[in-house]
Amino acid sequence: MLRILQITCIFVVFYGTPTSAQSPAAFPNYNTDVLPILVKHCILCHGPSKQESNYRVDRIANLLSTGSSELPAIVPGDPLKSHLWQRISSNEDAERMPPKGQGLSSDEKATIRTWIEAGARTPTAVINNAKTDHWSFQALQNPTPPILKNPESAINEVDAFVLAKLEPRRLSLSAPADKYTLIRRIYLIMLGLQPTEQEIKTFVNDESPDAYHRLVEDILSSPHYGERWAQHWLDCVRYAESTGYEINKSIPNIYPYRDYVIQAFNADLPYDQFIREQIAGDAYRKDAATGFLMVGPHDTNPSPDPRLTAMQFQDGHDEIIKTVSAVTMGLTLGCARCHDHKFDPLTQHDYYRIQSIFAGVSYGSRVEQGDDYDRMKTEADRLKPEIERLTENAATLQEQTGLQQAIDLREYDEHFSAVETNRIRFLINRTNDGSNPELDDVEIWTVATDNESSINVAHRDYGAVATSSPTAKGNQGKGPELLIDGSRQLLLYFKAADKENVWIEIQLNQSHLIDRITIKPRGRAVPTDYRIQIPSADEGWKTIKDSRHRYPHLTDTGDIKKIQLLGVTDKQKTAIVQNSASLRAVKQQYDELIRGRQLYVGRLHTPRNTHLMEGGDPEKPGAVVGPGFLSALSDIQLDDDSTDIQRRKALGDAIASKSNPLTARVITNRIWQHYFGTGIVDTPSDFGLNGGRPSHGQLLDWLASYLIEHNWSLKQLHRKLLLSATFRQASHTKPEAFSIDANSRLLWRFPPQRLEGEVLRDMVLQASGKLNTKQFGEPFNFFEETTNQFAKRVPLKTFDETGWRRMIYGEKVRLTQVGIFGVFDCPDGSQMTPKRSVSTSAVQALALFNSEFVNRQAQFMADDISSQFPDDTEKQIICAFERILSRRPTQQELQQLVPFVEDEGLHHLGRILFNLNEFVFIN
Amino acid sequence: MKTQLLDRRNFLGQTQFGLAGIALSSLLDSQQALGDGSIDYDATKPFQSRSPHFAARAKNVIVIFCAGAVSHVDFWEYKPELIKYHGKPLPGNERLISFQGENGTLQQPLWRFRPRGECGKMISDIIPHIGSCVDDLCFLHAVHTKSSTHGPAENLMSSGFNREGYPGIGAWVSYGLGTENQNLPAFVAIEDPRGTPQSGTNNWTSGFLPAAFQGTAFSTTKPIQHLQTPPNVTAVENRQHLDILTSLNTLHQKRYHTDTNLAARISSYELAARMQLSIPETTKVDDEPAHVQTLYGADSPNKLKADFARNCILARRLVEKGVRFVQLFNGAYASGGKLNWDTHNNMPGLVPGHAEILDQPVAGLLKDLKQRDLLKETLVFCCTEFGRMPMFQVGNDGRDHNPEGFTVWMAGGGVKGGKSYGATDPFGYKAEQNPLTVHDVHATMLHLLGLDHTRLTYYHNGLQRRLTDVHGHVVKEIIS
């Protein structure tokens, strides 16, 4: 609807005011110079009413596309390659556009030509003005906090904005929460942990006026702050440590991204820089940060089917595009993959411009740059002379001994004098690495004649038949026939059941004169000790070639006694073997240093061409699209041949810009949501037309401006929120207020919230005294180890200290719910989860009430407390309440529970307290 | 979004406050006035039975998912041309590259087809028991799908999207209709005795729907987790713990009496206690009389067949007790064709074993449902993620993946029996006559349950999402 309106507006304005009489513009502007010409000459056939050849000039995306032609209409910078220019400048009547009349005036043509030469810039104001009256696209306002009738309950600006919404409805903030509730609340919201008994005591007994301020500062400097807020961020991006899909391969080297996020929050890295680094961390020597681009599920199942591969590429990049746009700007750009966005000012062309930004990124690992790696490279360089010396040694030894060149690990030929035979036998006694021999293919080549070129007769289509000693299991039960199928297959190859005395026999369809055999090993388990034989006259076998005439391959780790070399003295053999061992060792050292620390944060390369896919169909590539930003926001200066890093850096800058109206609003809203359960905008990753409207729009803008003014410091924003009366008020219900605002979105109370599964697990461990607060590093296991990549993971039932770390350090297997706590709506890494669902189910009750984990921790807690307060049931109960509920029991509760604990034991009380609503909710 | 729905439902439940609440809601957010989805349900009782959009033909669904891809040309769709052109290349696609590589020549069906039932439908000899039920079956022979890898194609068949994280069809149906037995889950996933299917829990995930609608996975060989009271707690103690829990929770709730999610948590412990009794009772298929065990083949000496037969009996017991949606898996994960139907190789050797496990138990299920008069209100849907090629792979005696055309079938629940709809081309390669997308199949299933697939929606990341995305047409021709 909006789009049609926009086009109509342009049409009316310009159709009535032809500009052809004017001289050509020296710096043509799309809006004032180019569009009027297009409207005058083209729009009747290529516009809103007709789109001949699927081409229209009034939509920027289409203007730059191919339409039905194979040529792009406009190649920015190159008019001669631009189909549109070819057609309007043609001298042939049949070619020239428009088809009727004399065509464009020479001045008009000059304007178009200059505009294309200058890069065919399309000032996005055209779309801006007409399409984006939506609130979130408007520049950030910095409103003045409202004047209140009754300002007494307001502590800071946040309260002023909140009260301004409450007052007209005759509502007010609730009274301040009691100190027990407040300290539990601030710990859980900010750190995801409970305060200790001592921390509660200190705060509750501190009567000084700045007690709370000091608590806020302590909280903000806690190392657990980063863990708590990183979890929210990881939810948004759907961080996981496996690829997803049927193989769901684990990614053991992506966790440094998780650590990066935690450290960024703890260090209060300015949020704009946090965004820049996650998109182009390699530009800031923060490689781990670009794990952000790798977090989506991606199908790694390899296939020779090009259609499938194209789909996998498009889907994989779609995840990157969706993550970047939704997480940083609250935009559902993923909706524009197949067509222009139906609701928001996002074109399909925008989508592919962003895809082009990431056209130099693939799923995979790269080395982490940095001081460590610089040191490693220097060290590696120091090894180079030694490698050269040993390599020269080897050449000298080869020359001295007269041995032939070593084999190749993937493909090489054995030549011999021509023989006539219908059978060939291979005897294999050893491989380079001592494992069972493997081979892809063996080819036997005839001697070429004048009439016939050399052919491979060891092919099943040529009637050859292969037999062998027993083959290993696997390979779909196939054996030697794989050697003569004429194809190298990734997953199907010959593998012997034995390590030595392996034989392969190839029976040819008839006798052939042959003089060459091509051997295609698989790079590993390569036969290095073998004989090639043909039948001899006495019905035995005669060797026509063997491995002893070749210099041993560098990778041959065989025992010196087993290595056989033809015409070589023992002394020379020792020298060869020792030289190889030294060279191997130093090369391995070199390779490891150069390899560096590999992180799964994106493989980077020259950007591939990006095509606009018609209807999002990977099999219908349209015009080539260069890198750029969203047309509704701003333009970024990028040439089509810009490098990968230039592209991503420019995108990071555009998103993290102060003038981007979305970025600061979106993060401010996310933070607000994690305080009050619902964001000011209740669709935190959708600020578009289909998303929610802000409940406190002015407040959102004020806070977002405050964030930017304070150098994007999130901790500064937290201070403002934590010190507000809105945060510090009680959470009890008030029927009269409930009748007006049941959701508490106007914040007449602090809305109670169900805790996340991760927090529940951490709290149980904290209460039992077993929480291991070790930070960072490799994740701990939630599942039994498995070697079968297809089998689903079996959850571990019990843990020890390594598994009693905070849950954020547990291995995150995509699509696999973690036992017990996963059922509390923990996201499974398949969809971005900017806001978790909060469900209540019997399965949760069963998990928390009956699981071995919870009951074992209840026992640990009971043991710990009983040893502190032996024979004092009352004190034991008080301590259990403080640990689990951050408060002391009431007299009534104590009376009820003392006989129970004396009867059944403290661990059973633990079981009950871990299941209370009061434990599971923040009040 | 989901909490908001929960809260919204809460205040709508409070009738004296309802109007004011709505007024404010629309003040805050005109777009969101309709809430998160099209189904208005009570979050404290998510499984309460709800009325369909229109009169339903089926009340319950049993999906039989044959994981790994069953060969339609060897089982369901008779292609005489394939026999005639055996050993010749597929015309027009002589060197077709598919998932695993190059295809060889056309391969005639590995088993003989013969007419069965009164309708005379040609069915392969490999499944004689199912063949004997053919007068109750409705074949859809021209289904095609979007991916040629198992995971994504399984996702599409189970959730309408080849990507991950979209609600399974069972989750959509329990969201739309609730269920009839409040002591059992609305949606049960029964895994194959050989293991979990390739896409695992994504088949029965609730995706972005409230987690309550997620499928609960258990079978006769794999019990539900945490159903047992801990070993150091007696039944009497357990009851006492529940009582103390409730009394402490009730005290706490006094200050939050309008917050019904607290009440919902309290009642979830009562439901859990009831499930501790009802689930073991339901999974005790050994209680079934001997003739029923025999009908399904649960007494077979083939342990895998007997275990799958017991899962089929469990499926019947679940729908009998009013469980809305049962997803019954036949076949596990990729394993070179050993644990599921993914037979790229050695089809003559591997497929008969799989067919034996499937055949009698599924036929037993159909016959048992029919004799209990449950078939007319239970929709049985037998599917697989895609078909297999009419050719053998180069150098293999197995068929590669074929997403271009394959067969699924339905029975009961308002579909015509003895019916075949659509066809692939004469060789069984591409859907040709009345081709159907997976979305069409889903739309039809929802229709039989009385649900309009365009009206069963839920908001997620910018859109009111549907099971059928933006596609799907009801296949009216197969409805009786």
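Colleague: Into which domains is chain A divided?

Modeller: The model is predicted, and the domain bounds come from an automatic or database domain assignment. Chain A is divided into domain 1 (2–133), domain 2 (151–221 + 722–740), domain 3 (404–545) and domain 4 (753–922). Between the C-alpha centres of domain 2 of chain A and domain 3 of chain A there are 79 Å.

Colleague: Is A:A177 buried or exposed?

Modeller: A residue is called buried if 20 or more other C-beta atoms lie within 10 Å of its own. A:A177 has 21 such atoms within 10 Å, and therefore A:A177 is buried.

Colleague: How many helices and strands does chain A have, and what share of its residues is buried?

Modeller: Chain A has 30 helices and 16 strands. Its C-alpha trace spans about 110 × 100 × 50 Å along the principal axes. Of its 923 residues, 49% are buried. Among the contacts in chain A with a separation of 6 or more, 69% are between residues 24 or more positions apart.

Colleague: What are the corresponding values for chain B?

Modeller: Chain B has 13 helices and 20 strands. Its radius of gyration is 24 Å, close to the 23 Å that the globule rule gives for 480 residues, so chain B is as compact as a globular protein of that length. The C-alpha trace of chain B spans about 80 × 55 × 40 Å along its principal axes. In chain B, 61% of the 480 residues count as buried, and residues 24 or more positions apart supply 75% of the contacts with a separation of 6 or more.

Colleague: Which domains does chain B contain?

Modeller: Chain B is divided into domain 1 (1–36) and domain 2 (46–226 + 285–478). Taken over C-alpha atoms, the centres of domain 1 of chain B and domain 2 of chain B are separated by 40 Å.

Colleague: Which residues touch the most other members in the largest nonpolar core?

Modeller: That core has 192 residues, and A:V237, A:V261 and A:A880 touch the most other members. Not counting residues up to four places away in sequence, A:V237 touches A:F292, A:V295, A:T323, A:V327 and A:M832. Another core, of 114 residues, lies apart from it and includes B:A298, B:V323, B:V441 and B:M445.

Colleague: Why may one strand have two unlike faces?

Modeller: In a regular strand the side chains alternate between the two faces of the sheet. Strand β6 (residues 465–468) of chain A has A:A466 and A:S468 on a covered face, and A:V465 and A:T467 on an uncovered one. β6(A) pairs with strand β8 (residues 502–520) of chain A in the antiparallel sense over 4 bridges. The bridge partner of A:S468 in β8(A) is A:I504.

Colleague: In what order do the strands of the open sheet in chain B stand?

Modeller: The order of the 3 strands is β2-β3-β12 (chain B), with antiparallel pairing. The edge strands, β2 and β12 (391–393) of chain B, each pair on one side only. Strand β3 (residues 101–106) of chain B is joined to β12(B) by 2 bridges, and B:N103 stands opposite B:Q393 in β12(B).

Colleague: Which residue has a positive phi in the turn of the hairpin formed by β4(B) and β5(B)?

Modeller: B:G117 has a positive phi of about 65°, in a hairpin with 4 residues between the strands. Strand β4 (residues 113–116) of chain B and strand β5 (residues 121–124) of chain B pair in the antiparallel sense over 4 bridges. B:R116 has B:K121 as its bridge partner in β5(B).

Technical notes:
Residues are numbered from 1 along each chain as its sequence is written. Chains are lettered from A and ligands numbered from 1 in the order in which they are written. This is a predicted model: local features need pLDDT of at least 70, side-chain atom pairs count only at pLDDT 80 or more; totals for chains, interfaces and linings use all residues. A nonpolar core is a set of buried Ala, Val, Leu, Ile, Met, Phe, Trp, Tyr and Cys residues joined through C-beta atoms within 7 Å. A residue is buried if 20 or more other C-beta atoms lie within 10 Å of its own, exposed if 12 or fewer, and partly exposed in between; C-beta atoms are placed from the backbone. Two residues are in contact if their C-beta atoms, placed from the backbone, lie within 7 Å. Two strands pair if DSSP finds at least two bridges between them. The radius of gyration is taken over C-alpha atoms; the globule rule is 2.2 Å times the number of residues to the power 0.38.
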